[in-house]
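Here is a quick tour of one model, with the sequence and coordinates alongside. Keep the viewer open while you read.

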Amino acid sequence: MHLVAIGGSDAGISAALRARELDPSVDVTVVVADAYPNFSICGIPYFFSREVQPWQSLAHRTHADLEATGMNLRLETFATSIDVTGHRLAVRALDGTESTIDYDALMVGTGALPSHAGIEGLDTLGPEDGVHVIHSMGDTFALDRFLETRNPQTAIIVGAGYVGLEMAEAFTVRGIRTTQIQRGPEVLSTLDPELGALVHTELTDHGVTVLTDTTVNRIDKTGDALTVSATHLGEPVTHTADVVLVVVGVRPNTDLLERAGATLGAGRAVEVDDTMRTGLPDVFAAGDGVTTHHRLLGTTYLPLGTTAHKQGRVAGENALGGTARFAGSVGTQVVKVFDLVASRTGLREHEAAAAGFAPVSTTAIADDHKRYYPGAQPISIRVTGDSRDGRLLGAQLVGRLGTETAKRVDTYAVALHAGLTVEQVSELDLSYTPPLGSPWDAVQVATQAWSREHRQAVTA
């Protein structure tokens with residue numbers, strides 16, 4: 001039995017590890033396009049902030065650790081095509097040498113590529129010009145070289161999602177005056193604007209200039225200066241900086257599987273079932289290049305590292321003939337922005353309405369622990385539930401670093417996974433001691449606020 005996994009990030013390595021764990025006699029080859037298997041892309045901003053040093057620390061496992069599991073790593077090797085009938089993968093090495101690898105089962109984890117969002121200039125300007133994306137270790141080294149050799153004093157970050165916010169902090173910590181440009185009405189568009197505004201304030205309090213309702217159209221270079229041309233509320237505006245970082249999302253990297261005959265689905269990602277099968281014989285796929293089963297939405301495209309790990313593990317088991325199934329995601333996410341933590345799980349109100357629910361929401365503010373114990377901090381919590389049956393649909397939380405906001409959102413995530421109602425969250429037996437919580441935890445204070453406001457609608 002020979003399993004070939006394409007991709008050295010979360011999904012590919014997870015599949016390889018699971019297969020070797022279940023059957024150490026299985027031959028496993030992992031084809032990796034670069035020289036950096038199993039590196040934490042999510043940790044890159046903390047390399048730039050100098051909280052993580054050296055860059056080798058970003059490796060979940062070293063090259064030697066991975067090979068010690070018995071897998072064979074083919075680094076700096078690019079998968080070019082799949083012969084589905086012949087069960088053969090064509091690859092090209094860094095020196096241009098082409099060869100093939102026979103397989104009994106194939107797992108494709110080619111991930112996603114940075115989106116350009118229609119911004120002109122990104123096809124011609126690159127790292128040497130001071131225009132960067134940050135999606136791989138290669139991107140990381142290119143930006144690090146630019147910062148070290150050019151010593152930029154000003155930066156523009158296009159995009160205010162998770163990575164954009166983390167990089168705004170990293171640039172600021174390094175003394176770079178940073179402007180963050182966001183197309184939507186507020187930063188962190190995965191939150192409702194009233195909570196995103198709290199993140200906005202945190203950025204400006206730390207010296208970041210935040211421009212919302214601003215759509216970037218073009219980036220030009222004149223001499224050493226970069227000019228970003230944009231539209232703000234219908235009016236043209238320009239901004240200049242020494243370095244520009246574009247982080248406006250990703251698109252699934254589907255070329256290899258699409259050419260092999262796989263079907264594309266939501267978000268133009270490759271369609272897979274809950275066993276991670278693609279519909280092509282003995283070909284599995286997982287991670288940021290495939291569709292995701294969302295427990296509230298059904299099939300969607302929602303690229304997350306946590307999901308990629310789980311899907312890869314399922315694919316690795318089933319490639320050996322197993323019957324594992326991906327149980328689904330509820331979209332749980334969290335980000336630290338300076339001294340603030342923002343998190344969400346499930347659906348926001350407009351997302352739930354579009355999915356056919358009857359959502360209503362309530363925002364509450366609850367202390368992270370008993371106020372009489374020193375250091376209590378408020379957490380803003382927005383709970384969304386279905387007005388027809390009281391089912392919990394989603395939650396959003398923003399609190400200071402140290403309020404355990406990241407772990408509290410996990411309580412809601414578990415409740416969503418289990419299909420609990422909002423009121424059932426209040427019945428959960430959660431831990432309590434004055435320095436860490438309250439008899440009614442903050443997550444329950446928020447669900448009780450929702451019940452007081454909406455119980456009549458649910459029981460009507």
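D213 sits in the loop between β12 (209-211) and β13 (214-222); helices here are DSSP runs of H or I with at least four residues, strands are runs of E with at least two, and both are numbered from the N terminus. This is a predicted model, where local features need pLDDT of at least 70 and side-chain atom pairs count only at pLDDT 80 or more, while totals for chains, interfaces and linings use all residues. Residues are numbered from 1 along each chain as its sequence is written, and side-chain values use heavy atoms, with hydrogens and water left out.

Why look at D213? Its phi is positive, about 50°, although D213 is not a glycine. Most residues other than glycine have a negative phi, and most peptide bonds are trans. A117 also has a positive phi of about 50° without being a glycine, and A117 lies in the loop between β8 (112-114) and β9 (131-132). For accessibility, buried means under 20% relative accessible area, exposed means over 50%, and partly exposed is in between (1.4 Å probe, protein chains only). On that scale D213 is partly exposed at 30%, and A117 is partly exposed at 45%.

There's a cis peptide bond too: it joins Q53 and P54, with omega at about -10°. P54 belongs to the loop between α2 and α3.

## Aromatics

How many aromatic pairs does a search of the whole structure find? It finds six. Rings of Phe, Tyr and Trp (its six-membered ring) pair if their centres lie within 6.5 Å; planes under 30 degrees apart are stacked, over 60 edge-to-face, and the rest tilted. Two of the pairs involve Y36, as the table shows.

| Pair | Centre to centre | Angle between planes | Geometry |
|---|---|---|---|
| Y36 and W55 | 5.7 Å | 85° | edge-to-face |
| Y36 and F141 | 5.3 Å | 65° | edge-to-face |

Both link distant parts of the chain. Y36 is in the loop between β2 (27-31) and α2 (44-48), and W55, 19 residues away, is in the loop between α2 and α3 (63-68). F141 is in helix α4 (residues 137-150), 105 residues from Y36. Y36, F39, W55 and F141 form one aromatic cluster. Within it, Y36 is partly exposed at 24%, W55 is partly exposed at 27%, and F141 is buried at 16%.

Another ring has a charge over it: R50 lies over the face of F47, 5.5 Å from the ring centre. That label requires NZ of Lys or CZ of Arg within 6 Å of the ring centre and within 35 degrees of the ring normal.

## Helix packing and a buried alanine

Helix α1 (residues 10-22) packs against helix α8 (residues 305-318) at an angle of about 35°, with the axes 7 Å apart. Their crossing is right-handed. Contact means heavy atoms within 4.5 Å, and the α1 residues involved include A11, A15 and L22, with A308, G312 and R313 among those they meet in α8.

A285 is in strand β18 (residues 283-285). Is A285 buried or exposed? With a relative accessible area of 0%, A285 is buried. Leaving aside residues up to four places away in sequence, A285 touches M107, V108, L257, V272, M276, T278 and V290.

Conventions:
Axes fitted to C-alpha atoms, helices over the stretch in contact; angles between N-to-C directions. Left-handed = near helix turned anticlockwise from the far one by under 90°.
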